[in-house]
Amino acid sequence: MNLAELEKKDFNIKFSFQNLTTTFLFLQKILEIYPDENSPSHKSSIELFDSIMEQLSCEETKDLQNYFNAMHLEQSLEEEEE
């Protein structure tokens, strides 16, 4: 397969839950580092995030949101204890 064919191909890559959440955390960090919406890094991160989210069901999206909310709450409580 040459590069032109590879560029046209849509990949349906499988992620473990850990890889999925780690990817979202990396994307979040990139968005924090590059808050300018016109930045190529910001745009690419949003595109990747959207592409992954399109592959998830509504229930999976809600479950992930609940997971990140719980993780954020846990971190907030740990910071308050310090």
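Predicted model: local features only at pLDDT ≥ 70, side-chain atom pairs only at ≥ 80, totals over all residues.
Reader: How many salt bridges does the structure hold, and where do Lys 29 and Glu 32 lie?

Author: The structure holds 1 salt bridge. Both residues are in helix α2, 3 residues apart, about one turn of the helix. Helices here are DSSP runs of H or I with at least four residues, strands are runs of E with at least two, and numbering starts from the N terminus.

Reader: What makes Lys 29 count as partly exposed?

Author: Buried means under 20% relative accessible area, exposed means over 50%, and partly exposed lies in between (1.4 Å probe, protein chains only). Lys 29 has 47% relative accessibility, so it counts as partly exposed. Glu 32, at 48%, also counts as partly exposed.

Reader: How do you know whether Glu 82 is buried or exposed?

Author: Its relative accessibility is 82%, so Glu 82 counts as exposed. Glu 82 is placed in the segment after α4 (58–81). Its C-alpha atom is separated by 33 Å from that of Ser 45, 37 residues apart along the chain.

Reader: Which residues gather with Glu 82 in a patch of negative charge?

Author: Glu 74, Glu 78, Glu 79, Glu 80 and Glu 81 gather with Glu 82 on the surface. Patch members have over 30% relative accessible area and no salt bridge; like charges are joined within 9 Å, and nonpolar side chains (Val, Leu, Ile, Met, Phe, Trp, Tyr) within 5 Å.

Reader: Which residues make the nonpolar surface patch?

Author: Leu 3, Leu 6, Phe 11, Ile 13 and Phe 15 make a patch of about 510 Å². Phe 15 sits in the loop between α1 (3–8) and α2 (17–33). At a relative accessible area of 41%, Phe 15 is partly exposed.

Reader: What does Phe 49 touch, not counting residues up to four places away in sequence?

Author: Phe 49 touches Phe 24 and Leu 27, where contact means heavy atoms within 4.5 Å. Phe 49 lies in helix α3 (residues 40–54) and, at 33% relative accessibility, counts as partly exposed.

Reader: Which residues is Met 53 in contact with, leaving aside neighbours within four places in sequence?

Author: Met 53 is in contact with Phe 24 and Thr 61. Met 53 lies in helix α3.

Conventions
Residues numbered from 1 in each chain as written. Heavy atoms only, no water. Areas by Shrake-Rupley, 256 points an atom, 1.4 Å probe, with all protein chains shown as cover. Salt bridge = Lys/Arg side-chain N within 4 Å of Asp/Glu carboxyl O. Lys, Arg positive; Asp, Glu negative; His and termini not counted. Charge placed at Lys NZ, Arg CZ, Asp CG, Glu CD.
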